[in-house]
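The sequence and the coordinates are shown first.

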Amino acid sequence: MVVMLDNGVGGILDELERHGLREKTLIIYSSDNGGSERSGQLNGIYRGGKFSMLEGGIRDPMLISWPSVLPENRVYGHPVINLDFFPTILSAANLAPAQECDGVNLLPYLTGKTKGTPHEMLFWKMPSDVGGYAVRAGDWKLLKCRLGRGLFNLKDDPGETLDLSAKFPEAPICSENGE
């Protein structure tokens, strides 16, 4: 699958180059979820995988390329979400959304014109028949999934192994009842 993807993307890039459009084309490479543990895919230090609220399921690889606008070889370390693609693409096309949308235009952040993070909080929710959710605020993540629930500091514990909810009930994403 990786070889097929590499060949397909390479063919598209070759065509853009051949027509002199590569420098002016915004390309977003992304996955919609982490690798499936059922098929033996590994998600590195992150627990969980596809269909999981753990980092191995919601932390995805992403590359954005737009040679005439974005700096090369830059790593943007703040969390974003696929919902950000729509407003980002509209902005690149000098269009505004017809109505308010959930995502954020990432271009000011990726170019360095705007500092900081585009999201104060990020939310994920599984369908009701599966259940589970995750809320992320900065380094903190509140999680409820079929494997349990907990509060994790992703900077110190990216593998989500140490539940800190009892130690930090005042964490920015915990309410009085822990929801």
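Predicted model: local features only at pLDDT ≥ 70, side-chain atom pairs only at ≥ 80, totals over all residues.

Residues are numbered from 1 along each chain as its sequence is written, and side-chain values use heavy atoms, with hydrogens and water left out.

Helices (H or I, at least four residues) and strands (E, at least two) are DSSP runs numbered from the N terminus. Four strands form an open sheet in the order β3-β4-β5-β6, with antiparallel pairing; two strands pair if DSSP finds at least two bridges between them. β3 and β6 (148–153) are the edge strands, each pairing on one side only. On average, neighbouring strands of the sheet are turned by 5° against each other, direction ignored; the axes are lines fitted to C-alpha atoms, and angles run from 0 to 180 degrees between N-to-C directions. Within the sheet, β4 (residues 133–137) and β5 pair in the antiparallel sense over 5 bridges, and A134 has L143 of β5 as its bridge partner.

Both A134 and L143 belong to the largest nonpolar core, which has 12 residues and also includes M53, W124 and C145. Such a core is a set of buried Ala, Val, Leu, Ile, Met, Phe, Trp, Tyr and Cys residues joined through side-chain atoms within 4.5 Å. β3 (122–125) and β5 (140–145) each supply at least two residues of this core. A second, separate core of 8 residues includes L26, L70, L107 and Y109. Leaving aside neighbours within four places in sequence, M53 is in contact (heavy atoms within 4.5 Å) with residues including I58, W124, A134, L143 and C145.

Accessibility is classed as buried under 20% relative accessible area, exposed over 50% and partly exposed in between (1.4 Å probe, protein chains only).

| Residue | Relative accessible area | Class |
|---|---|---|
| C101 | 25% | partly exposed |
| C145 | 17% | buried |
| S36 | 18% | buried |

S36 is found in the loop between β1 and α2 (55–58). Not counting residues up to four places away in sequence, S36 touches Q41 and K50. The structure holds 0 disulfides, a disulfide being a pair of cysteine sulfur atoms within 2.5 Å.

In helix α3 (residues 85–92), the buried residues are F85, P87, T88 and L90. These buried residues pack against β1 (27–30), β2 (62–65) and α4 (107–111). Just after α3, N94 takes a positive phi of about 55°.
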